[in-house]
Amino acid sequence: MERLPLLVGVTGGIGSGKSTVCAILAELGCELFEADRVARDLQLEDPEVVRGIEELFGSGVYSRDGSGRLSIDRKSIASVVFSDSIKLAALNSLIHPKVREAFIREVRRCAHQGKQILCKEAAIIFESGLEGELDRIIVVAANNGLRLERAVARGLGSREEIQKRMKAQWPQEKLIERAHYVIFNDGTIDELRSQTKQVYQSLLTLIPRE
């Protein structure tokens, strides 16, 4: 009989370092489902999602290059949704059910292949009411100023745009209150790796033995 993997959510605000934590967990042997990457892919590859986005934001948010490859103006969409909660909710309702379907398929694959831990990296877990579908949740946190500098360095927008996105997200304190594990990413990569390894070892104790 196939056994479901331990389902672990990894979340945190912009610039917190959740992707780095997930990369370390993957190195340690966890399977990784990148919900935000899947959502980005859907915005280019799923005709229903493309139509819905055009209805919400206008066809001008999409363009094609000489080879016909579709691209999307994510910064333009972000500038709208992080100041318009109604359009943000509409965008989420368009994309999140399809991301959930993809996650269920990944859970089944992991169960079939006997994988022990599947980590779901997602910017919004609590906000979407998804915590009930996961066994444990890790919150990656960092000083707000440091998060801002990291996001600017990654080219995610201007300081003003990123500050607006941070304000639109749940405050870190609220995430931390609801987490099973908190990893603080205010120090060196070695310190981050050490904390992540400790959490991984704790997760292993939750896996039933044969």
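**Pockets, a buried lysine and paired strands**

The side chains of Lys 98 and Asp 46 are joined by a polar contact of 3.3 Å; a polar contact is a pair of N or O atoms within 3.5 Å, where within protein one must be able to donate a hydrogen and the other to accept it, and residues adjacent in sequence count only if both atoms are side-chain atoms. The model is a predicted one, in which local features need pLDDT of at least 70 and side-chain atom pairs count only at pLDDT 80 or more, while totals for chains, interfaces and linings use all residues. Residues are numbered from 1 along each chain as its sequence is written, and side-chain values use heavy atoms, with hydrogens and water left out.

Lys 98 belongs to helix 5; helices (H or I, at least four residues) and strands (E, at least two) are DSSP runs numbered from the N terminus. With a relative accessible area of 18%, Lys 98 is buried. Here buried means under 20% relative accessible area, exposed over 50%, and partly exposed in between, with a 1.4 Å probe and protein chains only. Leaving aside residues up to four places away in sequence, Lys 98 touches Leu 42, Asp 46, Glu 48 and Val 49, where contact means heavy atoms within 4.5 Å.

Rolling a probe the size of a water molecule over the atoms shows where empty space is left. A pocket is found on a 1 Å grid over the protein atoms alone, as an open set of points where a 1.4 Å probe fits, with protein on both sides within 12 Å along at least five of seven lines; lining residues have an atom within 4 Å of a point. The largest pocket has a volume of about 1600 Å³, a volume being the space filled by probe spheres set on the points, which are joined across faces, edges and corners. Its lining holds 50 residues, with Asp 36, Arg 40, Phe 82, Ala 123 and Arg 165 nearest the centre. By class, 19 of the lining residues are nonpolar, 14 polar and 17 charged. Ala, Val, Leu, Ile, Met, Phe, Trp, Tyr, Cys and Pro count as nonpolar, Asp, Glu, Lys and Arg as charged, and the others, Gly among them, as polar.

Strand 5 (117–121) is among the elements that each supply at least two residues of this lining. Both faces of strand 5 are covered, with Ile 117, Cys 119 and Glu 121 buried on one side and Leu 118 and Lys 120 on the other. Strand 1 (residues 6–11) runs parallel to strand 5 and is joined to it by five bridges; two strands pair if DSSP finds at least two bridges between them. Val 10 has Glu 121 as its bridge partner in strand 5. Strand 2 (residues 31–34) is parallel to strand 5 too, with four bridges, and Leu 32 stands opposite Cys 119.

The second largest pocket holds about 220 Å³ of space. Of its 13 lining residues, Arg 3, Leu 4, Lys 115, Gln 116 and Ile 207 lie nearest the centre. Arg 3, in the segment before strand 1, is partly exposed at 38% relative accessible area. A polar atom of the Arg 3 side chain lies 3.3 Å from the backbone oxygen of Pro 208.
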